[in-house]
Amino acid sequence: MISQYLYISTAPSLSREEVDAILATSQRNNPARDVTGLLLYNGRNFLQLLEGEESELVSLMVRISHDPRHTGISMIDRKTVEQRACPDWAMRRVMIAESIEKRRELISADLPDELDAQTRKIITNFVVLN
């Protein structure tokens, strides 16, 4: 069984380069920890899905909670799943379209089919809120 965490945090002043650096660090470090997932940033908030062994995710969340680039970390969902939704993504940035009309369409195409309905709905709602 694999643990799956979904959290949101606030980071209103990050540049695209800073977000890209966070993503690059995750893509470099996560394979050694067998952590997979996806990252969304809407210009104000992160929404991140993390998958892996429970002990690795707990350790990662401690590091994330001490990262001064964002605050207000709130766990939305924490569960055990039989298989990963993002098995091939060390960390993938899911882009949010500028046009609200296109967001739902584009996010549906980007999200992995293996996501359960509840998680998919939370992510989709996050995308269309901004």
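**Entry 1: surface and model**

Accessible areas come from the Shrake-Rupley method with a 1.4 Å probe, and for residues only the protein chains shown count as cover. With this method I looked up the accessible surface of the protein, which comes to about 7,000 Å². Carbon and sulfur atoms hold 50% of this surface.

I note that this is a predicted model, in which local features need pLDDT of at least 70 and side-chain atom pairs count only at pLDDT 80 or more, while totals for chains, interfaces and linings use all residues. Residues are numbered from 1 along each chain as its sequence is written, and side-chain values use heavy atoms, with hydrogens and water left out.

**Entry 2: overall fold**

I looked up the secondary structure and found 4 helices and 5 strands. Here helices (H or I, at least four residues) and strands (E, at least two) are DSSP runs, numbered from the N terminus. Along the sequence the pattern reads β-α-β-β-α-β-β-α-α. The radius of gyration is 14 Å, close to the 14 Å that the globule rule gives for 130 residues, so the protein is as compact as a globular protein of that length. This radius is taken over C-alpha atoms, and the globule rule is 2.2 Å times the number of residues to the power 0.38. Along the principal axes, the C-alpha atoms fill a box of roughly 40 × 30 × 25 Å.

I then asked what share of the 130 residues is buried. Buried residues make up 45% of them; buried means under 20% relative accessible area, exposed over 50%, and partly exposed in between (1.4 Å probe, protein chains only). I also looked up contacts, meaning heavy atoms within 4.5 Å. Among contacts with a separation of 6 or more, 77% join residues 24 or more positions apart.

I located Glu51 in strand 3 (residues 45-52). Is Glu51 buried or exposed? Glu51 counts as buried, at 0% relative accessibility. Leaving aside neighbours within four places in sequence, I found Glu51 in contact with several residues, among them Ile2, Asp34, Leu57, Arg84 and Cys86. The C-alpha atoms of Glu51 and Arg120 are separated by 15 Å, and the two residues lie 69 residues apart along the chain.

Asp34, one of the contacts of Glu51, is in the loop between helix 1 (16-33) and strand 2 (36-41). I recorded Asp34 as partly exposed, at 43% relative accessibility. Its phi is near 55°, a positive value in a residue other than glycine. Most residues other than glycine have a negative phi.

Asp67 is buried, with a relative accessible area of 17%. The side chain of Asp67 makes a polar contact with the side chain of Arg69 at 2.6 Å. A polar contact is a pair of N or O atoms within 3.5 Å; within protein, one must be able to donate a hydrogen and the other to accept it, and residues adjacent in sequence count only if both atoms are side-chain atoms.

His70 is found in the loop between helix 2 and strand 4, and at 8% relative accessibility His70 counts as buried. Leaving aside neighbours within four places in sequence, which residues are in contact with His70? They are Tyr7, Ser9, Thr10, Ala11, Phe46 and Ile64.

**Entry 3: Glu82**

I found Glu82 in the loop between strand 4 and strand 5 (92-93). Glu82 is exposed, with a relative accessible area of 71%.
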